[in-house]
Structure formats: C-alpha cells, structure tokens
Amino acid sequence: MGFFDRLTGTRHPEAGAEPRSAEEVRSALLGLNGPDVPYVIGDGAAHGADLVAEWRLAEPAWQHVFVQSQLTHAVRIRMRLAGDVPEVRAVEESWEVTRVGNPPRLRTSATYTRGGGRTVSRRYTLQRGESGRLEAAESFAFDSAQLTDPLRDTALASGWTWRGVVFGKL
C-alpha cells in the first residue's frame with residue numbers, strides 16, 4: 001500500500017480473491033441494512049452515486065444514541081461501483097450539526113468537509129472500584145468507523161478494491 005492509498009483510505013482485497021459481479025456487491029452492501037445498525041444504505045441516484053450510506057440521525061429510534069454521543073458531524077458516504085476495474089469508489093462527506101430546541105432537532109451549518117475522517121466519542125463515569133478507589137468506567141462509546149468499516153470490509157470480501165476519493169469526481 002502506497003502513501004496515497006493510506007492518505008485516501010484505499011484498501012485492496014487479498015491476492016487471488018475472485019471479484020464478484022457489480023450486482024452481487026450492490027446486494028451485499030444493501031444487505032448491511034438492518035434495524036439494529038445506526039446507518040442506512042440506499043440508492044444514491046439523487047446524490048450522483050450508485051449507493052449512499054448515512055447515519056440515522058433523524059430517525060426517532062436512533063436520536064437518543066446520537067444525542068448521547070454529542071455527535072457534531074453528519075456523515076454521508078457516496079459510493080460508485082466501477083465493475084470494469086473492479087472497485088468501490090467512495091467519497092466521505094461531512095457537515096457540522098448542532099442540536100436546537102426541545103425535543104432536539106438537528107441544524108446543519110455551512111461547514112462541509114470531504115475526505116476520510118474519524119469521529120470517536122466516549123463518555124466516562126467516576127465510580128468507586130472494589131478497592132474503594134475512584135475509577136473511570138466507560139459508560140458510552142461511539143465511533144464513526146461503525147459506518148465505514150462494514151462497507152469497506154464487504155467490498156474487500158467481494159474481491160473489490162475500496163478506493164477512497166478525496167479529489168476529483170466519484
């Protein structure tokens with residue numbers, strides 16, 4: 001893996017991996033959807049892509065998770081399936097968000113970034129341990145890799161390259 005691949009988050013499948021068809025990769029990526037995951041993957045035609053994955057920020061069942069995490073960025077990953085190569089070209093986009101009102105609603109700001117990034121949020125509580133000393137115990141954890149890793153791993157398991165796009169077209 002070269003320097004530019006590290007910079008963009010590009011990963012290649014294992015040597016000798018037989019690439020599946022574009023339709024099989026699309027089905028595998030859409031198969032990651034489920035009620036117990038904090039993201040949704042769907043058709044990306046409205047965003048100039050084949051598929052789009054984004055956080056379930058607006059869904060009532062997931063709002064408490066994102067409020068607890070104090071997440072400050074909404075993330076969207078646009079994916080293009082390039083079957084001739086074969087690779088999944090992915091652009092990660094994020095916007096700053098703030099919560100306003102009660103119940104909290106999300107408001108996006110004009111701050112936009114493009115390219116890979118990772119947001120990690122952890123919350124700790126102090127409590128007395130068995131020895132009687134104060135200890136920090138993790139009470140909440142959130143990591144944006146929960147969105148990127150399953151997508152990338154599915155593409156790699158299908159024998160496709162995961163190519164992070166920072167500059168240029170998807």
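The questions below take up confidence, then a loop residue, a strand pair and a surface patch.

Reader: Which element of the protein has the lowest confidence, and which has the highest?
Author: This is a predicted model, and the protein averages a pLDDT of 82, with 74% of the residues scoring at least 70. Where pLDDT is low, the predicted coordinates should not be read in detail. The highest mean, 97, belongs to helix α2 (residues 22-30), while the lowest, 60, belongs to strand β5 (residues 105-114).

Reader: Is G16 buried or exposed?
Author: G16 lies in the loop between α1 (3-8) and α2, and its C-alpha is 8.5 Å from that of G159, although the two are 143 residues apart in sequence. Exposed means over 50% relative accessible area. Because the relative accessibility of G16 is 80%, G16 counts as exposed.

Reader: Which residue stands opposite D43 in β2?
Author: Strand β1 (residues 39-43) pairs with β2 in the antiparallel sense, over five bridges. Strand β2 (residues 51-55) is largely enclosed by the rest of the structure, because four of its five residues are buried. In β2, the residue opposite D43 is L51.

Reader: How much accessible area does the nonpolar patch with F3, F4, L7 and F167 have together?
Author: One of its members, F4, is placed in helix α1 and is partly exposed, with a relative accessible area of 48%. On the surface, F3, F4, L7 and F167 form this nonpolar patch, and their accessible area together is about 540 Å².

Methods: Residues are numbered from 1 along each chain as its sequence is written. This is a predicted model: local features need pLDDT of at least 70, side-chain atom pairs count only at pLDDT 80 or more; totals for chains, interfaces and linings use all residues. Side-chain values use heavy atoms; hydrogens and water are left out. pLDDT is the predictor's confidence in each residue, from 0 to 100. Helices (H or I, at least four residues) and strands (E, at least two) are DSSP runs, numbered from the N terminus. Buried means under 20% relative accessible area, exposed over 50%, partly exposed in between (1.4 Å probe, protein chains only). Two strands pair if DSSP finds at least two bridges between them. Patches are made of residues with over 30% relative accessible area and no salt bridge: like charges are joined within 9 Å, nonpolar side chains (Val, Leu, Ile, Met, Phe, Trp, Tyr) within 5 Å. Accessible areas come from the Shrake-Rupley method with a 1.4 Å probe; for residues, only the protein chains shown count as cover. A salt bridge is a side-chain nitrogen of Lys or Arg within 4 Å of a carboxyl oxygen of Asp or Glu.
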